[in-house]
Structure formats: C-alpha cells, structure tokens
Amino acid sequence: MMPRYSFNHYKLGKSELLLMLDVSGTSFDGRYFGPVDAGQVRGVIKPLVIF
C-alpha cells in the first residue's frame with residue numbers, strides 16, 4: 001500500500017483544492033498526493049455516458 005498524505009488537523013488554504021474521486025476507494029487521488037493549488041487545474045472531465 002502506498003503511504004497517504006498526513007491530514008491531521010489540516011485546513012485548506014483559499015487557493016487549495018483536495019481532488020477526490022468517488023468511483024473507487026482505491027483510486028490515486030488527493031489522499032496520496034495532498035492538496036493542490038487551484039491554479040494548477042487545467043480543466044474538468046465530465047462523463048459522456050453514465051450507466
């Protein structure tokens with residue numbers, strides 16, 4: 001298992017985002033790499049078909 005980012009009493013800054021996925025509990029998301037600056041986000045992916 002990969003080590004997770006330590007979130008003990010961490011408060012997101014005004015320009016920070018915590019990117020999370022709701023598709024899988026084992027996804028590689030903000031739980032592993034921590035918060036990112038909002039300026040680093042280039043776009044949003046939206047599904048075309050949902051089953």
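Leu-48 is exposed, its relative accessible area being 86%. Buried stands for under 20% relative accessible area, exposed for over 50%, and partly exposed for values in between (1.4 Å probe, protein chains only). Between the C-alpha atoms of Leu-48 and Asp-37, which are 11 residues apart along the chain, the separation is 27 Å.

## Model and conventions

This is a predicted model, in which local features need pLDDT of at least 70 and side-chain atom pairs count only at pLDDT 80 or more, while totals for chains, interfaces and linings use all residues. Residues are numbered from 1 along each chain as its sequence is written, and side-chain values use heavy atoms, with hydrogens and water left out.

## Overall architecture

The chain contains 1 helix and 2 strands, in the order β-α-β from the N terminus on. Its radius of gyration is 13 Å, well over the 10 Å given by the globule rule for 51 residues, so the chain is more spread out than a compact globule. That radius is taken over C-alpha atoms, and the rule is 2.2 Å times the number of residues to the power 0.38. The C-alpha trace spans about 35 × 30 × 15 Å along its principal axes.

Of the 51 residues, 16% count as buried. Among contacts (heavy atoms within 4.5 Å) with a separation of 6 or more, 37% come from residues 24 or more positions apart.

## Asp-29 in the S1-H1 loop

Asp-29 belongs to the loop between strand S1 (16-17) and helix H1 (30-33). Its relative accessibility is 3%, so Asp-29 counts as buried. Leaving out residues up to four places away in sequence, Asp-29 touches Leu-19, Met-20 and Leu-21. A polar atom of the Asp-29 side chain lies 3.2 Å from the backbone nitrogen of Leu-21.

## Val-36 in strand S2

Val-36 is part of strand S2 and is buried, at 16% relative accessible area. Beyond residues up to four places away in sequence, Val-36 touches Ser-15, Glu-16, Leu-17 and Leu-19. Val-36 and Leu-18 are 18 residues apart in sequence, with a C-alpha to C-alpha distance of 6.5 Å.

Pro-3 lies in the segment before S1 and is exposed, with 67% relative accessible area. From Pro-3 to Lys-14, 11 residues apart in sequence, the C-alpha to C-alpha distance is 26 Å.

Note on methods:
Helix = DSSP H or I, 4+ residues; strand = E, 2+ residues; numbered from the N terminus. Polar contact = N/O pair within 3.5 Å; in protein donor to acceptor, adjacent residues only side chain to side chain.
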